[in-house]
Amino acid sequence: MWPVVTDDTQTGQGTEYIGFGGNFSYMKHYIEELDEKTYTYKYTLIEGNALVDKLEKISFEIKLEAAPNGGTISKMTSKYYPKGDFVLTEEEIKAGKEKALGMYKVVEAYLQENPDAYACA
């Protein structure tokens, strides 16, 4: 199921609500930056069952760069803000990265199959 997104991002800042089926029923992001010149997207997951009851929030920075072979390199940095004494394990961090990569793969496959769904500059 594709997410349902509502947002207020005309200024490059705002919030978006994404509803899913499956493991995570919804996520709410605060968008700090969406820069089309530097291909940078910064946002913070501030609400949703992906945080469980152990994380206050998770901040993300995604930067897209041109690859030498004509493709794209995506660099993603995540910063976790635990509640109380909670400590994330390496296994939990690895699982989170794998879920994020899985989402990228789904979006990539969709865009490759539907080139009219996006605009090229």
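Student: Which residue in E4 is the bridge partner of Glu 33?

Tutor: Lys 42 is the partner of Glu 33. Keep in mind that this is a predicted model.

Student: How do E3 and E4 pair, and over how many bridges?

Tutor: E3 covers residues 26–35, and its pairing with E4 is antiparallel. Eight bridges join the two strands. Together they form a hairpin with four residues between the strands. In that hairpin, look at Tyr 39: its phi is positive, near 55°.

Student: Back to Glu 33 and Lys 42. What do their side chains form?

Tutor: Start with the general idea. Side chains of opposite charge can pair when their charged atoms come close. Now the case here. Lys 42 and Glu 33 form a salt bridge, with the closest N and O atoms 3.5 Å apart.

Student: Is Lys 42 buried, exposed or partly exposed?

Tutor: Lys 42 has a relative accessible area of 27%, so it is partly exposed. Glu 33 has 25% and also counts as partly exposed. The band runs between the cut-offs of 20% and 50%.

Student: How many salt bridges does the structure hold?

Tutor: Two. Lys 75 and Glu 65 meet in a salt bridge at 3.3 Å, N to O. This pair links distant parts of the chain, ten residues apart. Lys 75 sits in strand E6, residues 72–82, and Glu 65 sits in strand E5. Lys 75 is partly exposed at 44% relative accessibility. Glu 65 is partly exposed too, at 29%.

Student: Now the inside. Which residues make up the largest nonpolar core?

Tutor: The general idea is this. In soluble globular proteins, nonpolar side chains tend to be buried together. Here the largest nonpolar core has eight residues: Met 27, Tyr 43, Leu 45, Leu 51, Leu 55, Ile 58, Phe 60 and Ile 62. Strands E4 (40–48) and E5 (55–66) are the elements that give two or more residues to this core. E5 gives the most, with four.

Student: How do E4 and E5 run, and how many bridges join them?

Tutor: They run antiparallel, joined by six bridges. Leu 45 stands opposite Ile 58 in E5. The two strands form a hairpin with six residues between them. Val 52, in the turn, has a positive phi of about 45°.

Student: What is Leu 45 in contact with?

Tutor: Set aside its neighbours within four places in sequence. The contacts of Leu 45 then include Met 27, Leu 51, Ile 58 and Phe 60. Lys 28, His 29, Ala 50 and Lys 57 are also among them.

Student: Ser 59 is in strand E5 as well. Is Ser 59 buried or exposed?

Tutor: Recall the general idea for strands. In a regular strand the side chains alternate between the two faces of the sheet. Ser 59 has 16% relative accessibility, under the 20% cut-off, so it counts as buried.

Student: What does the side chain of Ser 59 make a polar contact with?

Tutor: With the side chain of Thr 44, at 3.0 Å. Leaving aside neighbours within four places in sequence, Ser 59 is in contact with Tyr 43, Thr 44, Thr 77, Ser 78, Lys 79 and Tyr 81.

Key:
Residues numbered from 1 in each chain as written. Predicted model: local features only at pLDDT ≥ 70, side-chain atom pairs only at ≥ 80, totals over all residues. Heavy atoms only, no water. Core = buried A, V, L, I, M, F, W, Y, C linked by side-chain atoms within 4.5 Å. Buried < 20%, exposed > 50% of the residue type's maximum accessible area, 1.4 Å probe, protein only. Contact = heavy atoms within 4.5 Å. Pairing = 2+ DSSP bridges. Polar contact = N/O pair within 3.5 Å; in protein donor to acceptor, adjacent residues only side chain to side chain. Salt bridge = Lys/Arg side-chain N within 4 Å of Asp/Glu carboxyl O.
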